[in-house]
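Please read it with the sequence and the structure side by side.

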Amino acid sequence: MNDLINLNEIIDSKFGESWTAKREAYDHKAFSNYFAEVIRYRRKQLGLTQEDLAQSIGKKRPYISKIEKGEDIRLSNFALIAGALNLSIELRVQE
């Protein structure tokens, strides 16, 4: 069992503790990339092109391309995209 790898320890050693600026930047980019993958996967699952999705939300195709590459996204645009892809957004109070 000593051969188990703890992902959090690897991330800590490479990007610093969770409260450091370097780690915050890593976490932010990882979060953006996660949502980029969800959006791309769902768009393809529905058989939509980037152009189709862009038109359905009143944006241009390059905007969708940027989002699918992990660029930061405004919450209002995220909600538009989620709606166009029949995805739900859930906000919860963490206790």
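1. Start with the lining of the largest pocket: by class, nine of its residues are nonpolar, two polar and three charged. Here Ala, Val, Leu, Ile, Met, Phe, Trp, Tyr, Cys and Pro count as nonpolar, Asp, Glu, Lys and Arg as charged, and the others, Gly among them, as polar. A pocket is an open set of points on a 1 Å grid over the protein atoms alone, where a 1.4 Å probe fits, with protein on both sides within 12 Å along at least five of seven lines; lining residues have an atom within 4 Å of a point.

2. Keep the basis in mind. This is a predicted model: local features need pLDDT of at least 70, side-chain atom pairs count only at pLDDT 80 or more, and totals for chains, interfaces and linings use all residues. Residues are numbered from 1 along each chain as its sequence is written, and side-chain values use heavy atoms, with hydrogens and water left out.

3. The largest pocket has a volume of about 230 Å³. Volume means the space filled by probe spheres set on the points, with grid points joined across faces, edges and corners. Of its 14 lining residues, Phe31, Phe35, Asp72, Ile73 and Phe78 are the closest to the centre. Helix α2 gives the most to this lining, with six residues. Helices are DSSP runs (H or I, at least four residues), numbered from the N terminus.

4. The second largest pocket comes to about 160 Å³. Its lining consists of Phe31, Tyr34, Phe35, Val38, Ile39, Phe78, Ala82, Leu87, Ser88 and Ile89. Nine of these are nonpolar, one is polar and none is charged. Again α2 has the largest share, five residues. Both α2 and α5 supply at least two residues each.

5. Does the length of α2 agree or disagree with its residue count? It agrees: at 1.5 Å a residue, the 25 residues of α2 (residues 21–45) should span 36 Å, and the end C-alpha atoms are 36 Å apart. The expected span is 1.5 Å times one less than the number of residues.

6. Which residues of α2 are buried? They are Arg23, Ser32, Ala36, Ile39, Arg42 and Arg43. Buried means under 20% relative accessible area, exposed over 50%, and partly exposed in between (1.4 Å probe, protein chains only). Their cover includes α1 (7–15), α3 (50–57), α4 (61–68) and α5 (75–84).

7. Look next at the end of α2. Leu46 lies in the loop between α2 and α3. Leu46 is partly exposed because its relative accessible area is 34%. Its C-alpha atom is 23 Å from that of Phe31, 15 residues away along the chain.

8. The largest nonpolar core has nine residues: Ile39, Leu53, Ala54, Ile57, Ile64, Ile67, Phe78, Ile81 and Leu85. α3 gives the most to this core, with three residues. Such a core is a set of buried Ala, Val, Leu, Ile, Met, Phe, Trp, Tyr and Cys residues joined through side-chain atoms within 4.5 Å. Leu85 touches Ile39, Arg42, Arg43, Leu46, Leu48 and Leu53, not counting residues up to four places away in sequence. Contact means heavy atoms within 4.5 Å.

9. Last, Pro62 lies in helix α4. Pro62 counts as partly exposed, because its relative accessibility is 43%. The C-alpha atoms of Pro62 and Phe78 are separated by 15 Å.
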